Amino acid sequence: MITPYTAVGLSPVVRDIQERADIERNLDHIEVVTQTALGLANLDIPVRLLAIPEGALQGFGDESHDADHAEYAHTCAIDIPGPETDRLAQLAKANNIYILAQAKARHKDWRDLFFNVGFAISPVGDIVLKHYKISALLPSERSVSPHDLYDWWIEKYGRTLTAFWPVADTDIGRIGVMMAMEGNYPENGRGLAMNGAEIVYRASMPTPFTGNDIFEISNRARALENNFYVVAPNVGASFSRPSDSVGIDNGGGRSMIVDYRGAVVGKQFDSRGSTFVTGVIDIEALRYQRMHAQTTNWLKDVRTEIAQLIYENPIYPKNLYLNRVPGHHAEYRQVIEGQISLMQDRDIWRRPSYEQQKHS
């Protein structure tokens, strides 16, 4: 039996790195914030899970500075496991907790590329889960997706749920990862749910997505429709360079923890400095809900044969970076324009009136 426990989501101030060595400063800060957060949260039901938001280790300099992809892979991306995750492993062991975190990281077979990787560390310091982000904020992000290397990925890992939505079976529940923009695509939540996920790590999102409620709406929708917990910490203030004295709140706060019925069980609005959010995770209640509900455990009723019709015609192009390194933001705009045209040409989307006049 898994007794209820507290999950903590950190919202630390972060500094964009310019080289891998700069990560040490962010790790120093994470360790300090963690001890304060755990000290307070453990006054209630004991903490067994700590979630560190996307960007906490390296910031978002690759995105905001439109970094050269290969150069960032060589100078700033990390290896998992590696020295940086070893420090987080020590933090997990010292506090007897699971840690969920994220990093821009390399793959041993693709040294000129980097991925956006969510990972889980056990209380004994082992990395028990690695998820390579599938759906990114692509006009801004610089990382590649498994879909960008699709043919190679399938050959290496297989065409399975675990190849794209891995889930770790742990003694605090089954853990999956659905980072940031991934949570705005229902397929990612459903892929994790169909692979058994009970707790899903979803972090971070920038403003205006947080301030305009998109973050909360999508967190609650994915949690409700799949009957799993969503642990969604967001970053605090961000400094674009290690030496900057003034940061900007580009995350917009709204760190939260959502339960398996879509209810927010912990929420933190402040993101000007470093803070944290807490919420209770009750896996046995989740399992009871899935077993006994008749109408709100929807996964059992999915008409899979019909649902497959939705995706028979491909939309986003696969294998974009199988034979080349990603370009810069301006180049990616061409991909976006092609996707919009595809939707319009298939008459899935209608052009606005002024555009229809131009094409008539």
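Predicted model: local features only at pLDDT ≥ 70, side-chain atom pairs only at ≥ 80, totals over all residues.
The largest pocket has a volume of about 2100 Å³. Its lining comprises 42 residues. Ile134, Ser135, Trp165, Glu187 and Tyr311 lie nearest the pocket centre. By class, 25 of the lining residues are nonpolar, 10 are polar and 7 are charged. Four helices each supply at least two lining residues: helix 6 (161-164), helix 7 (186-194), helix 10 (304-307) and helix 11 (329-345). Helix 7 gives the most, with 6 residues.

The structure also holds 1 cavity of 30 Å³ or more. The volume of the largest cavity is about 130 Å³. This cavity is lined by 15 residues. Nearest its centre lie Glu141, Arg142, Tyr321, Pro326 and Tyr332. The cavity lining divides into 6 nonpolar, 4 polar and 5 charged residues.

Strand 10 (residues 229-232) is covered on both faces. Tyr229 and Val231 are buried on one side, and Val230 and Ala232 are buried on the other. In a regular strand, side chains alternate between the two faces of the sheet. Strand 10 pairs with strand 9 (residues 199-201) in the parallel sense, over 3 bridges. Within this pairing, Ile199 has Tyr229 as its bridge partner. The chain passes from strand 9 through helix 8 (residues 214-226) to strand 10, forming a right-handed β-α-β crossover. Strand 10 is also joined to strand 12 (residues 255-258) by 3 bridges, and these two strands run antiparallel. Here Ala232 has Met256 of strand 12 as its bridge partner.

Key:
Residues numbered from 1 in each chain as written. Heavy atoms only, no water. 1 Å grid on protein atoms, 1.4 Å probe; cavity = no way out; pocket = protein on both sides within 12 Å on 5 of 7 lines; lining within 4 Å. Points joined across faces, edges and corners; volume = space filled by probe spheres on them. Nonpolar A, V, L, I, M, F, W, Y, C, P; charged D, E, K, R; others polar. Buried < 20%, exposed > 50% of the residue type's maximum accessible area, 1.4 Å probe, protein only. Pairing = 2+ DSSP bridges. Right-handed = clockwise from strand over helix to strand, strands pointing away.
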